[in-house]
Structure formats: C-alpha cells, structure tokens
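User: I would like to learn how to read pockets, cavities and domain contacts. Please take me through one example, giving the general idea first and then the case at hand.

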Amino acid sequence: MAKNSSTFTCSACGAVHKKWSGRCDACGEWNTIIEEKPLSQGPSGKSLGNARGRALPLLDLATEEAPPPRTQSGMGELDRVLGGGLVPASAILVGGDPGIGKSTLLLQAAASFARAGLKAVYISGEEASAQVRMRAQRLGLSDAPVRLGTETNLRDILTTLEAEKPDVAIIDSIQTMWADTVDSAPGSVSQVRAAAHELTTFAKRKGIAVILVGHVTKEGQIAGPRVVEHMVDTVLYFEGERGHQFRILRAVKNRFGPADEIGVFEMTGGGLSEVANPSALFLSEREQPTPGSAVFAGIEGTRPVLCEFQALVAPSPHSQPRRTVVGWDGGRLAMILAVLESRCGIAFTGLDVYLNVAGGMKITEPAADLAVAAALLSAREDAALPSDCVVFGEISLSGSLRPVGQTENRLKEAGKLGFTKAIAPARSKTGDGGEVSVRQMADLTAFVGEIFGAG
C-alpha cells in the first residue's frame, strides 16, 4: 500500500500537522484542522505526472521589448514607494494596523489614478457604499471618476472586473473576500490564500493592477498565510503612532523598485497630505542643545532622513535595571551597552536606560549605532552634543567603527537642514563634504575621549 503523504493544515492559523487532531496546538482553535492532499495523489487520468498538457510558448531572453509603462498617480510619496509609479498587471499588498488610514490612503490613491486617466474600481468588503461615499465627501473626492462596489463574493467581483476592464482595482480587504469553492469561513487561511491567488492570477492574465488591503496580527505581520506575500509583486506596510500625526508607507518587497523605500504622509482633517521633507518634520521640535539628544543621518531606501535619538539614564530603584526602547531594536541597545562597558570602561550597572526615536520613527539601520552611543553617553554624563552636529556609524563588538554606505548623501541632507558638523567612522567616503566638516573616528574609545573627555 502506498504511503499517504497528505498534510493536515489548520484553517485558522496555517500551522501544518502530521496527523489530524481536534485541537490545533499552535493557536488552540477546535475543529479547524483539515486534510490537504497533494496533486499527485489524484486519479491517474487527472494526475499532473500522467496527464498530457499543452506546450508552453517560450520566449527568447534576448528579445527586446519595451518595459511596461508606469503611471504616475500625482501623489509623489506613493509613486516613490511604488518605484516610480504603478506598473500594469502588478499585484500590490498593503498592510497596516486597524484605523491607521489604509482605506483613506487607497481611496485617495484611487481618485489620483482616476484623475490621471486610469479607469479605477474600488471594491469594499467592509463598508457600505454610503459609508465610502461619506468618506469621499470628507476628503473632497466626490467628483473623482472612481467606480465603487461593495461585495465579498470573489466570483461576483471577478465577473465585474472582467466586464468593466479597469486599469486598477482596489480590494478592501482580502480578509473579507470568500470563494465559494473553498469550504471554510471568510478570513481563514484557506480563503485568504485562494482569494489572493485568484486575484493575482487575474491581474497577470488581464493586465490589471490589483491593490489588496491586508489586516495585520498583533505581532505586526499581515494576517493569513505568509505565502500571500510571495504571490504578490509588492508588499507595503502603512505604519504610524496614534499619538503622532504622520504616517509612513514602507516598501518591504518590490519587484519593480527598491525595497525599504518610504513615503511620509501627514494625517489631517481632510485626509492624508504628503510630507516632502521628512527630516524637517522629525527635527522640528529641536530648539536648545539638550543632554541625551543626538541627531542621526540615516538612509531609508534611496532617501536620506535625519531623525533624533533621545536617551535618558537614571538611577534604578530596582535590583534589575530597566531597558526600554521605542523605535529601535532592544537587542542592539544591549549590545552597545555591553561594548561601552567592555571596551570603554563605561558601565550602566544600576542605571535605568530609556531610548526613544523622536516623532515615532522606526530605525533598523546599523548605521545608527554611533548615534545611540552618543545619546547614551550624553545622558549619562549630562553633557549636550552640539546642536549643529549629526552622528552616524556602525559599532563592531571590538569597539571599532565601521564605515557605512551613502555617506555623501547623508552629509548633503544634513547640510540642507543647517548642520555644519558631522561625526563619522574613519575611512568614510565623504567626498567634498560640502558645508559640513567631518570628524572621523577610528574606534569607540577615541570617540568617547574626544567628545566627552573620558575613556
């Protein structure tokens, strides 16, 4: 007897099990595990290995064809994140926290594409048509030539798109869509996977750009199977802190442009407005030099962005000092504290350490190590850094400073905003430097000795 190689998948969380059970060990749900047979286990006449299919048309790689034209939406920040505009026949997935402004952004994008000459269709599975029109009136988009539909049945949606033949279709959201060929509830792993596959295939076959809205889990990942992110061409995350007025659209994956590109928007009463100079926004509250503050010249995608690291070091009343980080990696902070103690003899034992990126910006670049170290030392020694100085550089475990990429662009952006000094690792390619004078440091010990007079 042939061995059964079927797998059992939880329809709620997507966890794979070797055998069926009543309760999923991963998510704790009951009666959600279903059996999935591989295609090769079908009848012999229908098996992929035995069936005779049609030959595929193969194209020569050297064939010269014009690249598909991109369409500019008129929203510069959105076009930047997309890699220069909307590519026909592309599938885009946009995720974000509830209430962050995903529907507002895409309704404005639909209106911009429609005014740019594209035929746009907006399908909402979460709101009634009157609710969408009410939002459009509030945003001043009532006169935009956008076709609106409210439906969750995937078969009806595909039939409508087949008849309308739009240039761009927005599906809000993928978790509310359901295919009648799948035996599970809307929002389950099977339904999300099937709906995403059908819409992506439809986009490639008909040359229609499809934008899907995805909900996120409490961990910040897009809900549903991770395979959905592999299906689409572009994955965008809409981020922001509710206490701040601006939002960041970040490209995590993009087959048609640079990943990690960001677009910055400001949430206003009339919707989302573009922020042309994010550095000025993130540094707008800087006035007098303050201990514990350091300006970091970073790179987000292709754009240089300046932001402020704020640190507070205080005696801890607890036996285990606190390490609180907002906007940066907590593990990276622990590493820098260990390097400062081991290589420079500066201990933070018995001290609470708080680190924050001003404005709610999230930084993942290793080049921020030196700026974090400067902010921590400034707070510990109660000595303010010069207000016209930017800091950047990567710290190794040996205490040496490593050069980082795009140093010239960082210095140019700092010069535009009135900064005249910069602290960077030795051997950095600074070019002419412009109006910014660069002090190059070989290691962290030299940095501590020259800037704070200790080491």
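Analyst: Let's begin with a strand: β9 gives the most to the lining of the largest pocket, with three residues. Strands (E, at least two residues) and helices (H or I, at least four) are DSSP runs, numbered from the N terminus. This is a predicted model, so local features need pLDDT of at least 70 and side-chain atom pairs pLDDT 80 or more, while totals for chains, interfaces and linings use all residues. Residues are numbered from 1 along each chain as its sequence is written, and side-chain values use heavy atoms, without hydrogens or water.

User: How is a pocket defined, and how much space lies in the largest one?

Analyst: On a 1 Å grid over the protein atoms alone, a pocket is an open set of points with protein on both sides within 12 Å along at least five of seven lines; lining residues have an atom within 4 Å of a point. Points are joined across faces, edges and corners, and the volume is the space filled by probe spheres set on them. Here the largest pocket holds about 560 Å³. It has 30 lining residues, and E239, R250, K362, I363 and T364 are the closest to its centre.

User: Which strands supply at least two residues each to the lining of the largest pocket?

Analyst: They are β9 (234–239), β10 (246–254), β13 (293–300) and β16 (351–357). By class, the lining has 10 nonpolar, 11 polar and nine charged residues. The nonpolar class is Ala, Val, Leu, Ile, Met, Phe, Trp, Tyr, Cys and Pro; Asp, Glu, Lys and Arg are charged, and the others, Gly among them, are polar.

User: How much area is buried between domain 2 and domain 3?

Analyst: The size of an interface is often given as the accessible area lost when the parts come together. Buried area is that loss for a 1.4 Å probe, summed over both parts. For domain 2 and domain 3 it is about 1200 Å², with 56% from carbon and sulfur atoms.

User: How many salt bridges cross the interface of domain 2 and domain 3?

Analyst: The rule asks for a side-chain nitrogen of Lys or Arg within 4 Å of a carboxyl oxygen of Asp or Glu. It finds two across this interface and 17 in the whole structure. E77 forms a salt bridge with R303, their closest N and O atoms being 2.9 Å apart. E77 lies in helix α1 (76–81) and R303 in strand β14 (303–315), so the pair ties together parts 226 residues apart in sequence.

User: What about cavities: which residues line the largest one?

Analyst: In a cavity, a 1.4 Å probe fits but cannot get out. L78, L82, I92, V94, L105, L106, A109, F113, I211, L236 and L249 line the largest cavity. Four of its lining residues, the largest share, come from α2. By class, the lining has 11 nonpolar, no polar and no charged residues.

User: And where does the second largest cavity lie?

Analyst: Its volume is about 50 Å³, and its lining includes E239, F246, M361 and K362. The lining has three nonpolar, four polar and three charged residues. Domain 2 and domain 3 both contribute to it, so the second largest cavity lies between them.

Notes. Buried area = accessible area lost by both parts, 1.4 Å probe. Domains from an automatic or database assignment.
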